[in-house]
Amino acid sequence: FAIAACDPNENKSAEFEADALISTVWKGTLQSIQSGAVSSSAEVTVKFNTADTGQLIQKRSGAPAKDYYDMTYSVSGKKITFDCPVISGTWEVSGYVEQAMTLTLLPSRNSIMTLVRQ
């Protein structure tokens with residue numbers, strides 16, 4: 001006989017689904033990794049407006065202003081392919097819960113985005 005309890009405020013593990021991105025906004029960091037260490041970092045906002053279009057807003061460390069980019073994207077399983085100057089390429093959803101996700105650039109794995117749903 002066992003009794004288990006969990007914190008109802010804790011993020012619950014969820015299966016990543018492409019439809020869950022539509023009309024959502026995610027904020028977090030974009031980090032470039034060189035020789036196992038962070039070589040650059042930027043604050044990013046990723047807006048998934050429709051099933052294949054959105055916007056990326058980037059604020060680079062030390063930069064006075066934000067950069068705005070229109071983007072297109074497609075999802076296949078746990079992979080998101082972006083067409084956008086800053087994040088172009090295929091990213092793997094390497095971590096996902098209802099309110100947060102981590103994306104890793106493939107195949108190099110030298111860039112990581114850590115995002116929280118707004």
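Where in the protein is Pro107 found?

A: Pro107 is found in the loop between β7 and β8. First, some ground rules. This is a predicted model, with residues numbered from 1 along each chain as its sequence is written. Local features need pLDDT of at least 70, side-chain atom pairs count only at pLDDT 80 or more, totals for chains, interfaces and linings use all residues, and side-chain values use heavy atoms, leaving out hydrogens and water.

Now the loop. A cis peptide bond joins Leu106 and Pro107. Its omega is about -5°. Arg109 lies in this loop between β7 and β8 too. Arg109 is not a glycine, yet its phi is positive, about 60°. Arg109 is partly exposed, with a relative accessible area of 44%. The cut-offs are these: buried is under 20% relative accessible area, exposed is over 50%, and partly exposed is in between, with a 1.4 Å probe and protein chains only. The areas come from the Shrake-Rupley method with a 1.4 Å probe; for residues, only the protein chains shown count as cover.

Ser23 also has a positive phi, near 65°, and is not a glycine. Ser23 sits in the segment before β1. Ser23 is exposed, at 61% relative accessible area.

Next, the strands on either side of the loop.

Take Met101. Leaving aside residues up to four places away in sequence, Met101 touches Phe16, Leu21, Trp26, Phe48, Gly95, Tyr96, Met113, Thr114 and Leu115. A contact here means heavy atoms within 4.5 Å.

Finally, the whole. The protein has eight strands and zero helices. Both are DSSP runs numbered from the N terminus: strands (E) of at least two residues, helices (H or I) of at least four. Of the 118 residues, 28% are buried. Among contacts between residues at least 6 apart in sequence, 36% join residues at least 24 apart. The protein exposes about 7,100 Å², and carbon and sulfur atoms supply 49% of it.
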